[in-house]
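The following report considers one structural model, moving from charged side-chain pairs to a helix and then to a pocket.

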Amino acid sequence: MSETMSNSVQEKKEAVENSAGSNETNKPSPSGAADKDATSSKESSEGSGGLSNKEMKELKKQEKAAKRAAKKAAASGISIEKQQQNAELKKEKKQKQKEAELKKEQEKEQKIKERKYGAAGGAGLASKSTLFGHLETAAERKASLLAVNAVISSTKQTKITSQGLSLQSSIFNSSPELVGQPQPDSVGVPGTCSIIPDTILKEVSGSSELTQQIKDLIINKDMLHKATLKLTDDFAKYNIVGSTPRCLAMLEVFKQIISDYQTPPGTILSRNLTQYLSHQIDFITKARPLSVTMGNTIRWLKQQISMLDVDVKEKDAKQLLLESIDMFTQEKIKLADRVIVESASQHIQNNSTIVTYGCSEVLKELFVHNKVNLKKDFKVIIVDSRPLHEGKKCADYLKDQGLDVMYCMITSLAYVFQTIDIDYVIMGAHSILSNGFMYSRVGSAMLAMTAKLKNIPVIICCETLKFTNRVQLDSLTFNELADPNDLLGVETEYKDKDEFKNVLLEQFIKDKKQFLQSKAAIAESGSHKNHGQKANIKNKHNAKDKSEKSVSTKQKNASSILEKWETNPNFNIFNTMYDLTPPEYISKIITESGALPPSSVPVIIREYNK
Amino acid sequence: MRRQNHNLKMSNNVEPGTEPSEIDVLINPFIEKLKTRKIQGSYEISMQTLQLLKRFIGAVRFSSHEELFTKLSNLGYKLEKAQPREFGSGNMIRRLLYVLKEELLTANIQHGFSNNPGAIGQTGTLMQHQNNSAMYDSNKEHKNEPMISSMFSLLQTPHPSELTSFKNGTLRASTPITTAANANHTAFAIGTSATVPLDEELSANAAAQLPAAFVASTTSGAAEDPAASGHHADARSKKPSKFFDIRATLINAIKDLMDEIKNIDEGIFSIAIDLIHDREILLTPTPDSKTVLKFLLKAKEEGYGKVRNFTVLVTEGFPNNVQNAQDFAWKLSSHGIDTVIIPDSMVFSVMSRVGKVILGCKQVFSNGACIVSNTGVTSCCECAKEFKTPVFAVAGLYKLSPLSPFNITDYIEVGGSNTGKLLPSGNSNSTDKTDYTRLTMINPMDDYVQPENIDIVITNIGGFAPSFMYRVVLDNYKVEDVNFKPSV
């Protein structure tokens, strides 16, 4: 074992020396920081002769990943299977390292190629604008989701290796002549790539953190509860939107999970359940980042679990938890909403006109309460925005309840304010930050600003559960990036819910076809091991593809031009979910603990949400 | 010469009131096109109106200038009525009227017919060529005058004889590039310019007088000295006099207007390019504007050796302009400009990063306010104001309107074919029985941007503060033409 290691290390060293010019970055992942521990010190002393730090870290990371996988598998009670895999893993190790070496060489070539042909020359995504470079893109989240989903749906054909998971597939059976070939997908997460389109992988390949996350998710896939998968799916497709509905749905799922939960032998509920839930939450986060309400709720729930007495029987403990979740829902959301509705009703008078934005649960309640129970006659103007069109749902609902509803897009805002007398702007919020800023659906800030300029009071209705300690100064520093493809359609209808999968599938098929073609080309040339040539052919193929594209785009109409936007280095689409409304636009915030100005938010956080 | 004979003949024996139906034949299809929106966009409408005017001038019969004015005004009324929210045709007719009236005024003053402008057909055999060349001359003369003097002349009440020259002087002085060829494009109000020779005789005439004019301007120096131009007029009046041909003057004015409209981009570009810096982030909420597109492409490609790299954010303009925005962004990006499409709702959040907002206008009013043919622009400019981001509007001079927007709803069209796109999708929750009777939808097509939210209006003749636009309006339109009256 050690001999082979040092051998391969030697080879690697050469590879590194070869690639000295290319700026390959193998940054240690955050988890790699743990490399400093003693587990791998033995190896390092052995092969440390002329090893570069980078190489050492790479090796250590692999070891580490294997160990972690084994450990986690043991914890979840599938150790036997896991150990077999580990054995397999060791057998494969030598080959794997060889492959890794080749992979590096190929990467190097790829990079040189990209540099040569400019940003658009390479097969991968061109460098995009960096205004939101710090945020996790929808594609990244989707990549992890897809990977995990694919693994779950095809368990029989998969095997877990140290580097992740590889799928057995008929196309990519490592036939003898391909053994020495680097797989086209060996760039990002080895193994998983056979399911994820290359384009996404290339986007992802830069961040080792994401790679690690995907690995972890796949390794822990057996721990995911069915309900979690369903919930994640709903979140990802925007079936459940809005911070309150999302929070409620999550609590429902948690209740289900807790009642199905069995403490594995050797651990205690209060420790293991938290960990178990964390795995579910990790996965849910991949659909969309947690909302503030969800974060607050999870924090509360974990606290509840950790406070459980060790001596309480498992069944009783679970019952206790379920009850407290119900209590929490009632107290923090349902009752809070009722108090808010009561309090905000004073602002709705007969013949008044109220503007609202998007779809807020508490506001729907408020309007219906005033119309149906208090028999007030008023008009609601719902302002809406692309691409989610939440306001449509709200308009539909209110109209069914007999309200006088007017519907317009955010572009018409100025016209509406110029031509219609408006009494109040009432909005819901996603969350209120501790510096008084409101973090809400993108567009709220514009509405609040317009109202402020016209001296119309802006009232925010929100539960104190939505208050957070976080501070933020502008919308770009922290935000959620939605899928830019949502903005491609010219039509109003939100894209077919399953469409995004199909897009990815098409991409995948295309990638694979391309790969097969290039493989065939190599077979013809008869030089299996000449990777440079392969790269050349691939490159040529890409070039051909490009020219075809450019020809075809001229014939197609513009909407189909934009289907190719990802290949245009200068074209970009930003689609954020939230924006930040400055406190000076907000007249008052109505919560269940009373109405307050934005400046009092930190007080509430301090006094009530201890 | 043929035209002059024609003119004489007509003014002699045609009685007013017997309007030949051929005029209607000309006008009606155009009105039809306007009404059915076969012609859209300020550029198209202005150009087509000028084409129509050419034919109209050729066919119209009149016995006096007053009658011609009335007929033109009547035509303007009809065209505005046909499409009240498009201003191109009205603007063009007003501009033409202005040119005509100025010409007449100058001609009359030069020859002492100041009190009888209507009698030209019979008695007044005005000298068209001389008149033209005189105008041309004064044009050249004032081009070289220092900026300061034109600023002074601004403050005093313009003397009738000076009005045109004053105008040219001011405008010329504010245009950075004043090559002779360029100047001719902007010399719209003058009957003839060297690039569009009416006939050979005229251009020869003009060319011969060019050096003299230069000498004169250097010696006289003072722009507000009426004696200078009077002197030249006197000098030239010794030449054989010719008839003042009103048709030829109008045709030439139309040609000049067309030239002006076709060549606005250079003028706008040369001013606007100095307003953006390298690596700036620009936001444009009007992706349907060709002027903005051309400007951005040009700024990227040439920029007088000062090539700039910049990022352009384009708002979507849902529901009316999504396709336009995508086309616009695609064109920019394929020319190597960093382009980003953002949803309309995101304008506020990105505004803190935006260096400048560029508007392409459909119409600029005399108070400096703009109408833009996209929605969401007003809010965008309000955001810019909140963040103290400069907003500049680009518009050709032909988009300038002498109207004042008292009731903005008169100028904004609501509805449009895209309103249906806003309808909530009934089939989403399978309860398709919901009726939309109580659900009102609003979908304006245009937006009105208040002058206080605009920092500069850049036209092909210079950049102006919105508060100054009324003055530019006065230089191009007659006050009495602002409201067209229907024929009684």
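A salt bridge is taken here as a side-chain nitrogen of Lys or Arg within 4 Å of a carboxyl oxygen of Asp or Glu. The model is predicted, and side-chain atom pairs count only at pLDDT 80 or more. By this rule the count comes to 24 salt bridges over all chains.

One of them is formed by the side chains of A:Arg386 and B:Glu316, with an N to O distance of 2.5 Å. Because A:Arg386 lies in the loop between strand 4 (379-384) and helix 14 (390-400) of chain A, while B:Glu316 lies in the loop between strand 2 (310-315) and helix 15 of chain B, this pair joins two chains. Both partners fall under the 20% relative accessible area that marks a buried residue: A:Arg386 is buried at 5%, and B:Glu316 counts as buried at 1%.

Within chain B, B:Glu413 forms a salt bridge with B:Arg37, the closest N and O atoms being 2.5 Å apart. B:Glu413 sits in the loop between strand 7 (391-394) and strand 8 (439-442), and B:Arg37 in the loop between helix 2 (21-35) and helix 3, so the pair ties together parts of chain B that are 376 residues apart in sequence. Here B:Glu413 is buried, with a relative accessible area of 14%, whereas B:Arg37 is partly exposed, with a relative accessible area of 36%.

A further salt bridge brings together the side chains of B:Asp446 and B:Lys362, at 3.4 Å from N to O. Since B:Asp446 belongs to the loop between strand 8 and strand 9 (447-449) of chain B and B:Lys362 to the loop between strand 4 (356-360) and strand 5 (363-364) of chain B, the pair ties together parts that are 84 residues apart in sequence. Both B:Asp446 and B:Lys362 are buried. Elsewhere, salt bridges that share partners join A:Glu252, A:Lys255 and A:Asp326 into one network.

The three pairs described above are set out below.

| Salt bridge | N to O distance |
|---|---|
| A:Arg386 and B:Glu316 | 2.5 Å |
| B:Glu413 and B:Arg37 | 2.5 Å |
| B:Asp446 and B:Lys362 | 3.4 Å |

In chain A, helix 16 (residues 444-453) has 8 of its 10 residues buried, so this helix is largely enclosed by the rest of the structure. Its buried residues include A:Ser444, A:Met446, A:Leu447, A:Met449 and A:Thr450. The helix is followed by A:Asn455, whose phi is positive, near 60 degrees.

Chain B as a whole has 18 helices and 11 strands, and buried residues make up 59% of its 488 residues. Among the contacts in chain B with a separation of 6 or more, 82% are accounted for by residues 24 or more positions apart.

The second largest pocket holds about 1,000 Å³ of space. It is lined by 41 residues, of which B:Gln40, B:Gly41, B:Asp288, B:Lys290 and B:Ser373 are the closest to its centre. The elements of chain B that give two or more residues to this lining are helix 3 (42-59), helix 12 (246-262), helix 13 (264-272), helix 14 (290-301) and helix 15 (322-334). By residue class, the lining divides into 13 nonpolar, 13 polar and 15 charged residues. At least three lining residues come from each of domain 1 (22-107) and domain 2 (276-416 + 440-475) of chain B.

Key: Residues numbered from 1 in each chain as written. Chains lettered and ligands numbered in written order. Predicted model: local features only at pLDDT ≥ 70, side-chain atom pairs only at ≥ 80, totals over all residues. Heavy atoms only, no water. 1 Å grid on protein atoms, 1.4 Å probe; cavity = no way out; pocket = protein on both sides within 12 Å on 5 of 7 lines; lining within 4 Å. Points joined across faces, edges and corners; volume = space filled by probe spheres on them. Helix = DSSP H or I, 4+ residues; strand = E, 2+ residues; numbered from the N terminus. Nonpolar A, V, L, I, M, F, W, Y, C, P; charged D, E, K, R; others polar. Domains from an automatic or database assignment. Buried < 20%, exposed > 50% of the residue type's maximum accessible area, 1.4 Å probe, protein only. Contact = heavy atoms within 4.5 Å.
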